[in-house]
Amino acid sequence: MTFREQLQAWRYNLVPDHVIGEILTKRWTDNAIPFLALVIVVASFGSAIPGFFKLYSLQESTRQLGEFSLVVTGLTVVMLGGGIDLAVGSIFALSAFSAVSMVFIFEQPVWLAFAASMATGATFGAINGYLIGFLRLRAFITTLVTFIIGRALYDILVVNFGSKIQMSMASSDTWDFIGDGTILGLSVPVLSALVLAIVTHIALTRSRPGWHVLAVGGSRRSAHNAGIKVRQTVFMTYVFSGLCAAAAGFLIATRLSGAGPGTGHGLEILALTAAVVGGNSLGGGRGSVVKGIMGAIIVMVMTNGLIRLGYGTGTNQMVLGILLAVAVTIDIRWLKNRHKVLNEVYVAPVYLRMGEAPSAVPGSGTPYALNSELSGATHIGLGEVEGPEDVILDRDDHLYCGTRHGEIVRFFAPDYTRSEVFAHIGGFPLGLAFDRDGNLLTCVGAMGLYQIAPDRTVTQLSAETRRSFTSIVDDARLRDPNDLDIAPDGKVYFTDSTKRYDAHEWTLDSIENRATGRLLVFDPSDGSTKTLLDGYRYTNGVTMAHDNKSLFFCESWACRIHRYWLEGPKAGTAECVIRDMPGYPDNINRASDGTYWMAWLGMRTPSFDLSLRHPAMRKRMARRLPQDDWLFPNINTGGVVKFNDKGEILHTMGDLTGLAHPMVTSMREHKGELFIGGILNNRIGRYKIDGADTGWTSNDSYWGASK
Amino acid sequence: MESNWLSRLKDLNQERIVLVVAVLIFATASVALPGFFSAPNLISIVRSISVLGILALGMSVVVIGRGIDLSMVAIMAMSVAWYLQLLGDGMADHTALLLVFAGVLAIGLLNGFLVAYADVPAIFVTLASGSFVFGYVRSQLISSDAVPVPEGHWIAMLGGLRFASIPIEVFLFAILSGAMFLFLRYTKWGRYVYYAGDNPIAARNVGMPVRPMLVLRYVVSALTAFTAGLLTAASLHSINTRVVNSTLLYDIVLVTVIGGIGLSGGKGGVRNVLVGAALIGIMLNAMTIVDIPLLYQNLIKSTILLLAIIMDGLLNPRDEQTAQQGDI
């Protein structure tokens with residue numbers, strides 16, 4: 001190994017590049033920029049304004065912040081639902097006026113004033129909601145107009161009744177307490193903003209109505225198709241926003257004990273800027289209450305800070321304009337390019353030097369030498385099945401296979417010309433196995449371990465294991481369950497090939513070549529799933545050894561077979577029994593003569609082996625070339641390989657014509673015949689094995705002869 | 001039944017309804033209000049609507065192209081205020097004019113660039129740029145809310161100019177309307193505005209320069225705003241920047257939308273602006289003669305605007321196929 005290559009190996013195997021991509025998949029990274037802005041704003045204004053952090057000063061300045069946060073929380077919910085509410089400014093002003101007039105003109109109790117405020121907000125919100133939700137008008141322009149109407153109404157009211165309010169002698173202790181008092185050092189606006197934020201957050205993330213709002217904002221059409229009442233949901237978001245603005249209006253009414261022409265002036269652009277600066281997405285679906293609150297603090301501190309620092313008229317508008325433009329632009333660009341950035345950095349190949357493999361060239365004399373024996377196989381279900389990754393036969397000789405369409409298809413013995421959908425799974429069934437009671441167990445790609453009872457009821461057995469401590473992306477979920485086998489005690493041993501990619505992205509996993517495959521065990525007695533082994537390059541086929549004391553599993557991208565000991569002195573450890581094969585192994589199954597069958601999904605090529613030593617090249621390739629031009633494992637030639645307990649290769653069968661079985665992902669011996677499946681094939685092969693025991697079935701081999 | 005009612009209404013179309021309503025109000029006012037149907041009052045109606053009409057022409061080009069420009073009033077007031085301030089500070093006229101012209105052009109280009117190339121929704125871009133333009137000019141470039149026109153300057157002369165006792169802005173409004181009509185109807189670029197407004201993606205696929213055209217529209221609206229600002233200063237002999245906080249912006253949208261230019265783009269033309277302007281001009285004049293206070297006029301105007309938008313929404317329902325996610 002040259003020094004340069006050694007450097008490559010260190011660079012790509014020791015530096016955890018993949019972490020960057022995994023962090024970027026986290027939604028909380030969206031909060032990073034607003035949070036940074038928040039820290040900078042608070043720190044710089046806090047240090048520029050003397051006494052900013054004094055308790056009294058904070059109590060006073062946060063009253064306004066509390067009211068503002070209420071408004072922003074309401075607006076955030078509307079925005080999450082895909083709308084916008086500019087009318088908050090006039091709702092705020094009108095409900096402040098309602099409260100004030102209740103107390104000072106009609107001399108009613110405070111609770112009635114509060115009720116009047118909320119009623120005003122609800123009415124206005126309902127009007128907006130009706131126009132936008134049910135009449136489907138454009139949110140921006142509609143709320144802009146209702147905002148002007150509200151403002152005009154408010155101006156008229158203030159002109160006509162303003163003096164009456166000022167002259168009123170009415171007073172109330174409750175009213176003054178809400179306006180001036182503190183509870184545990186917190187003012188009423190701050191407390192109510194906190195309570196509302198927590199309640200709204202929980203409602204949005206953990207309740208049905210909240211999910212509906214997010215779904216509608218995320219994709220209106222899909223939400224409609226999913227049966228969500230889109231119009232009603234949109235309507236409710238505006239009512240909610242109206243109520244929030246009304247509560248804020250009530251609070252400012254108690255604080256100022258009056259309603260002047262300036263009340264709520266410019267609030268709509270402040271609130272909008274706050275919601276967007278916090279990172280809530282325009283057009284809905286992405287955002288949170290926390291983002292809204294962060295934005296509210298940024299905007300409040302900034303605008304109040306500029307005033308306290310003595311900057312002149314217009315400075316605020318200038319800063320707000322810049323803030324809004326920058327925030328919206330960043331939001332739009334980030335949303336548009338996030339997946340591109342992710343694609344750029346997610347694939348992080350590692351260095352691997354594959355060992356020298358024995359030749360598989362026909363006539364080379366090695367046990368791996370390929371031939372065209374499999375081209376003699378007859379076919380079952382030609383053109384009827386798509387992607388039978390694994391095949392299996394039951395005690396009545398019926399043949400089962402999974403298909404790309406998410407079904408398990410059953411072909412009827414003896415001639416396998418008739419078929420039916422045995423069960424609908426919904427995901428791509430890969431490995432199959434029968435348990436003692438005749439239940440069919442399957443590893444479903446991207447879904448988990450499932451069981452189909454003889455009466456066709458489908459049950460999920462396992463979809464997750466324990467999360468590993470160092471994981472960034474939650475690796476508890478099974479991303480690519482691939483093959484399984486069942487021990488005599490009923491425990492199910494199965495593989496999860498990769499934590500980094502979904503099942504259909506296996507090419508990317510082969511290019512990255514990072515060792516994240518797992519061997520897991522599901523215990524039906526307590527329903528638990530445990531991770532036995534971790535850190536293999538694409539764990540794939542699993543089979544119990546004939547003596548049931550150990551199991552074999554393969555590591556596809558490393559071309560190795562391992563033996564995992566269940567009993568004996570080496571229990572709980574794995575050892576490599578076959579290494580450096582010339583082909584990529586897939587499923588493994590028992591053979592009638594005490595040996596094992598292994599499928600090869602493809603053959604190693606010198607070019608791909610070489611590329612594994614050049615991670616930088618593979619990264620460039622995945623980034624710059626279209627998928628069709630990628631270099632990845634050759635899957636045009638595969639085969640079936642027979643090996644024994646000692647790991648000796650006995651025989652290899654291939655299809656060099658490439659017509660019937662170029663790629664083999666599975667094979668099952670049954671009564672002297674071999675049934676062959678391929679994940680990209682359109683048929684199941686049926687091949688007569690010379691000299692095999694015509695009475696042997698794997699069901700008998702596992703569970704004893706049938707009665 | 002409702003759809004039947006709607007389809008019959010569609011035959012009527014918004015422009016004609018508005019025209020009929022305008023004629024009705026005009027007739028009623030002529031009979032009922034003393035002094036309404038007189039030459040001086042009619043001239044004052046046309047004059048009062050000229051500046052608004054010019055602004056609405058600029059807005060209509062943007063709206064037909066499926067956009068909106070909320071920064072027009074800020075550009076109108078602040079550009080002229082800055083110009084007058086520069087003159088007041090003793091800068092040479094042509095230098096000041098050139099500088100302000102460049103500034104207006106820059107804001108138009110910036111609006112257009114952010115909408116066209118950064119894909120930011122027009123309402124946010126122009127809301128933000130309007131706020132910025134007002135804030136920046138008010139806090140950095142001018143020293144008071146209102147800036148007067150210097151004595152004997154050509155703008156002051158412009159305000160006093162009359163042809164056949166009709167003020168100059170009426171002629172300017174007529175000329176600009178004619179120019180805009182010819183542009184939208186008979187030039188290639190004018191037709192592109194409609195195609196891009198009707199279906200931007202299709203227009204782009206066909207090979208029209210959709211993005212440069214977008215930028216052009218915002219530049220046009222900014223320049224129109226500047227022109228309207230100069231006329232305002234000419235007739236008032238000063239410019240008051242507080243107009244930015246008034247309802248003028250919504251009046252522009254009102255005139256644009258009420259005549260039948262759909263907010264979803266691709267529909268309408270100069271004729272719709274003229275009809276809308278006529279209705280609003282007659283109505284405002286009548287309300288003033290009847291002596292309805294300004295506050296109530298605002299309420300009435302905004303309610304009419306809401307009705308116009310509801311009508312627009314019913315007649316031109318949003319097209320779910322070409323409407324984009326986040327198109328609010």
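Predicted model: local features only at pLDDT ≥ 70, side-chain atom pairs only at ≥ 80, totals over all residues.
Where does Pro414(A) sit in chain A? Pro414(A) lies in the loop between strand S6 (407-411) and strand S7 (419-424) of chain A.

Residues are numbered from 1 along each chain as its sequence is written, chains are lettered from A and ligands numbered from 1 in the order in which they are written, and side-chain values use heavy atoms, with hydrogens and water left out.

**View 1. The interface of chain A and chain B.** In this view, 49 residues of chain A contact 43 residues of chain B (contact: heavy atoms within 4.5 Å). The two chains bury about 4000 Å² between them, 72% of it on carbon and sulfur atoms. Buried area is the accessible area (1.4 Å probe) that two parts lose on being put together, summed over both. In chain A, Arg138(A), Phe140(A) and Met318(A) lose the most area to chain B, together 17% of what that side buries.

View 2. The rule finds one salt bridge across the interface of chain A and chain B (a side-chain nitrogen of Lys or Arg within 4 Å of a carboxyl oxygen of Asp or Glu). Arg333(A) and Asp119(B) form a salt bridge, with their closest N and O atoms 3.6 Å apart. Helices H7 (139-167), H10 (208-218), H11 (220-225), H13 (267-277) and H15 (315-346) of chain A each give two or more residues to the side that touches chain B. H7(A) gives the most, 16 residues. Helices (H or I, at least four residues) and strands (E, at least two) are DSSP runs, numbered from the N terminus. The residues on this side divide into 26 nonpolar, 16 polar and seven charged. Here Ala, Val, Leu, Ile, Met, Phe, Trp, Tyr, Cys and Pro count as nonpolar, Asp, Glu, Lys and Arg as charged, and the others, Gly among them, as polar.

**View 3. The sheet S20-S21-S22-S23 of chain A.** Four strands form an open, antiparallel sheet in this order. Two strands pair if DSSP finds at least two bridges between them. S20 (583-590) and S23 (649-654) stand at the edges with a single partner strand each, so one side of each has no neighbour in the sheet. Strand S21 (596-603) and strand S22 (639-643) of chain A run antiparallel, joined by five bridges. Trp600(A) stands opposite Gly639(A) in S22(A).

**View 4. The sheet S12-S13-S14-S15 of chain A.** This open sheet also has four strands, with antiparallel pairing. Its edges are S12 (481-486) and S15 (528-536), each with a single partner strand, so one side of each is left without a neighbour in the sheet. Seven bridges pair S14 (517-523) with S15(A) in the antiparallel sense. Phe522(A) has Thr529(A) in S15(A) as its bridge partner.

**View 5. Two backbone features of chain A.** Most residues other than glycine have a negative phi, and most peptide bonds are trans. A cis peptide bond joins Ala413(A) and Pro414(A), with omega about 0°. Arg136(A) is not a glycine, yet has a positive phi of about 55°. Arg136(A) is found in the loop between helix H6 (110-134) and H7 of chain A.
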